[in-house]
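User: I'm new to this one. Could you walk me through how to read it?

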Amino acid sequence: MADITIDESLCTGCGLCASACPDKFDMGDDNLAHVKDCDCDCDMNELAASCPVDAIKVSD
Ligand code: SF4
């Protein structure tokens with residue numbers, strides 16, 4: 001399963017990832033996206049590509 005992380009130095013807190021997949025991402029009190037520990041069927045590469053600042057990193 002792909003490992004997904006967020007580069008907090010890049011995240012602008014736009015909320016797109018949390019809107020696209022609320023099972024996998026949520027927005028913290030720091031206004032940054034955080035990865036949640038869950039198994040969902042979303043395509044992580046597709047989600048990563050949708051981040052406008054390329055803050056979502058996927059590794060196998
Ligand atoms: S889509 Fe990218 S910039 Fe927007 S909240 Fe998610 S990780 Fe941050």
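This is a predicted model: local features need pLDDT of at least 70, side-chain atom pairs count only at pLDDT 80 or more; totals for chains, interfaces and linings use all residues.

User: How many helices and strands does the protein chain have?

Analyst: Helices (H or I, at least four residues) and strands (E, at least two) are DSSP runs, numbered from the N terminus. Here you get two helices and four strands, and along the sequence they come in the pattern β-α-β-β-α-β.

User: What radius of gyration does the protein chain have, and what would a compact globule have?

Analyst: The radius is taken over C-alpha atoms, and the globule rule is 2.2 Å times the number of residues to the power 0.38. For 60 residues that puts a compact globule near 10 Å, and the protein chain agrees, with 10 Å. Its C-alpha trace spans about 25 × 20 × 15 Å along the principal axes.

User: Which residues form the largest nonpolar core?

Analyst: First, burial: a residue is buried if 20 or more other C-beta atoms (placed from the backbone) lie within 10 Å of its own, exposed if 12 or fewer, and partly exposed in between. A nonpolar core is a set of buried Ala, Val, Leu, Ile, Met, Phe, Trp, Tyr and Cys residues joined through C-beta atoms within 7 Å. The largest one here has eight residues: Cys11, Cys17, Cys21, Phe25, Ala33, Cys51, Ala55 and Ile56. Buried residues make up 15% of the 60 in the protein chain.

User: And which residues are closest to the ligand?

Analyst: A residue is near a molecule if its C-beta atom, placed from the backbone, lies within 6 Å of it. By that rule 13 residues surround the ligand, the closest being Cys11, Cys14, Cys17, Ala33 and Cys51.

User: Where do Asn31 and Asp54 lie?

Analyst: As background, most residues other than glycine have a negative phi. Asn31, in the loop between β2 (25-27) and β3 (33-35), has a positive phi of about 65°. Asp54, in the loop between α2 (44-50) and β4 (56-59), has a positive phi of about 55°.

User: Why does each count as exposed?

Analyst: Asn31 is exposed because it has 11 other C-beta atoms within 10 Å. Asp54 counts as exposed because it has 10 such neighbours inside 10 Å.

Technical notes:
Residues are numbered from 1 along each chain as its sequence is written.
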